[in-house]
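Q: Can you walk me through this one? Keep it quick.

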Amino acid sequence: MIEPVLKPTLIDLQDVDFAWHAKAQPAIKSAHLQVEKHKHVFLRGASGSGKSTLLNIIGGIVTPQHGQVNIVGHDFCQLKGLQKDRVRADHIGFIFQQFNLIPYLSILENVILPCRFSKLRRDNAIKRSGSVLEEATYLLNRLYPKGKFSFHRTTSELSVGQQQRVAAARALIGQPQLIIADEPTSSLDYDAREAFMALLFDEIKQSGSTLLYVSHDPTHQHLFDSVVDMSLINPHLELAL
Amino acid sequence: MKLRLLAKKSLISRRSTAILTIFSIAMSVALLLGVEKVRVNAQSSFANTISGTDLIVGARSGSIQLLLYSVFRIGDATNNISFKSYQDIAQQKGVKWTIPISLGDSHRGFRVMGTSRDYFSVYQYGEKRTLEFASGKQFEGVFDAVIGAEVANALNYAIGDQVIVSHGTGSASFAQHKDKPFIISGILKHTGTPVDRTLHVSLAGIEAMHVNWQGAVKKRKASKALTEANLQPESITAFLVGLDSKIASFKMQRYINEYKAEPLLAIFPGIALYELWDLMSVAEKALLIISMFVVLAALTGMLAVSLAGLNERRREVAILRSVGASHWHIMGLLITETVLLTVVGILLGLALLYFGIWFAQPIIEKTYGLFIPVTAPNIRELGMVCVLLIASLIVGLVPAYRAYKNSLADGMSIRS
Amino acid sequence: MKNINVTYSHFLLVWALTIVLSCFIGSKAFAADITEIDWEVLIPQDWNPNQAFEDMTDEEYYALSETELVILEQSVQAMFDAAPVVEAFDGQQVRIPGFVLPLEFSGTLLKEFLLVPYFGACTHTPPPPANQIIYGKLKTGAKFESIYLPVWITGTLSTTRSQSELTESGVANGVDVQSAYAMDVQLIEPYIE
């Protein structure tokens, strides 16, 4: 068992350097980032500023060449790959800009995916709704208040907006401590976007999850506790043009 | 097990390529196991035909050749042996029984064999089984014939039917003994040996057919009556020998091989059979190697399909990584897909094989006298299946490793 | 539920161990009674078909006429045919190497055969004498690969009485009840130097 050191900060990055290849330019140099528990942070940055790379580091998918990475109380630099996978499964939910769903699984099967990899989230879901499937259905119903289609359908028939909401349900199931959303509404039209944001915040307030929201569109900045610019986090990086 | 479920769903979504892959594996498995089945059953079919015979004697030729034409009715003798020599040897001390065999004629593709009446009580096959009559009895008159089960079936013969025998052993003959029809006096029970495909007549019958018959031309009609008394054959093709003591086999064989009056060959059926199997083993090994290459081709095809599809699955891998799947999970998923395809392919292949055997069994038995039973796979066949499964696992490692490498480069950046 | 599983697998384990152990003990007991023999001991000590030749001096041998030689050789051959057996081997469990001449099959498995001391007994002149041939039978067919390779045969020998009566000239007379060694074969193993 990995014993987390309890800290008020959920994400703590100190002086992190990372390059994707040994000989390439570092995408992240001397980066600093702190996010406290239960906070909703809007991360603003242009393309090429290293946003995706940062998310990969926070998610434990890649290991930085230099610096400290502390997520949900775990020192990622000390953990092995499998252990980081475990932490990610248990505590982090991701929403991407597009292509969030696995095409050969049904909507419900997509939503319950995290519970297949995390016992913690599985138990949380069962605690709240009795079974994983029921929890998934509950979340989907909340995110689709007017939805009238079967959740057993494959995802290929859904519109982009619908897909994004399924992705949100998947990120939220089992109430992980940290939700990371990478431009989740970029592909949505105005109405869908509003609906999405409203429902997302509603759920997060209920579960008390921390939200790290990455976007280049400032429209919804006001909903967040704090707004951080990538240039502050990643100061030394010359934007590759 | 989440991997198995994911693998199953993933394959179902890519049905068309999955089905093709399964089919190619199935066919290669059916071929591999089919070759093995034919090999084993050919061997036992041959072994099943010989029992209780100590020596086979014929004109001097090769031992395999003698075995083939005298017992299996495959091929022809190069020469006949004189009836006198046969009688002389049959009377030797230590000889318990002899069965003379006269070949060279046929009836609608089935061989006609002249022999003595003792044949029906003395000849053994399988594990010391003697012949039984399904109906009728052995020949009494000169022109009586006893036919095997397959002949009766194929040509729809019953007791009392007339048959015209042709000269030569081809499937057709333009020289028929039309004036000497035979009458079926008995039908034998099924034996699973070349006996089923033979018409048996008396030696006198063979002789009678050829009276006044030279080449393909009939000479003038005979004036003498055709009775057994004046129908002693001058020569026969071969004869089977049973001795009082098996220990004396060597001595008798030596005696016959050194027989002064005529060049003869006496063989031990068991030895000749092993020499035959030895000969066949070369062909068998070749067939086996070819089948293995076919299996290899099927596996390679599966590998190609899997690798080709990897690119469009990078998204899927990134999603799985984001929900907490480890690299091992990803690799496990791909290997499971490969193994699953192979398992289904093997099962389908077995089904194809058994269906094929069931369907072709009667045809093969009729044409080649080879009986292939529908039996469960033996140890060797199961071993082949296991090796195939292990091979599929190894094959699965290749796309698994590729996907792992891709995932390292991609992270969670879902490239479209 | 769990308890039932535990006891079932325990039972299987004990059963399997018992089988293995009893096979081991059984085979050891079996092994204790087997005598390894070679072909020479199967010939009675006082039987020497070549006696006539050995008693002759070189001069006498070369002085033989063609017909005399033929008659002598024939009598030797007759002695070969009527060779006596060593009664003491009746019922003995032995292990002897030799070459197999297959006689009867069950499927592709071997059921009856003749065992001889050298390969090519059917082509070499003269054939082995009767007391150098063993007629082996197996209760259950055994897999047998090649007639060209020697094997170890293990089993129980039995003998039938020999009744070779030789006349003065050494030619076998009377009823030729072939004397014979037969064996209930238990094991065929490849012969490795």
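Strand pairing and a chain contact

A: Strand 8 (residues 144-147) of chain B pairs with strand 11 of chain B in the parallel sense, over four bridges. Strands are DSSP runs of E, at least two residues, and helices are runs of H or I, at least four, numbered from the N terminus. Pairing takes at least two DSSP bridges.

A: The model is predicted: local features need pLDDT of at least 70, side-chain atom pairs count only at pLDDT 80 or more, and totals for chains, interfaces and linings use all residues. Residues are numbered from 1 along each chain as written, with chains lettered from A and ligands numbered from 1 in written order.

Q: Which residue stands opposite B:Asp144?
A: B:Ile183 in strand 11 of chain B. B:Gln162 also stands opposite B:Ile183.

Q: What sense does strand 9 of chain B take with strand 11?
A: Antiparallel, over two bridges; strand 9 covers residues 162-163. Strand 7 (133-136) of chain B runs antiparallel to strand 11 too, joined by three bridges.

Q: Is strand 11 of chain B mostly covered or uncovered?
A: Mostly covered: six of its seven residues are buried (20 or more other C-beta atoms within 10 Å of a residue's own, C-beta atoms placed from the backbone).

Q: New topic. How many residues of chain B are in contact with chain C?
A: 22, against 22 residues of chain C. Contact means C-beta atoms, placed from the backbone, within 7 Å.

Q: Which helix of chain B gives the largest share of that side?
A: Helix 8, with five residues.

Note on methods
Two residues are in contact if their C-beta atoms, placed from the backbone, lie within 7 Å. A residue is buried if 20 or more other C-beta atoms lie within 10 Å of its own, exposed if 12 or fewer, and partly exposed in between; C-beta atoms are placed from the backbone.
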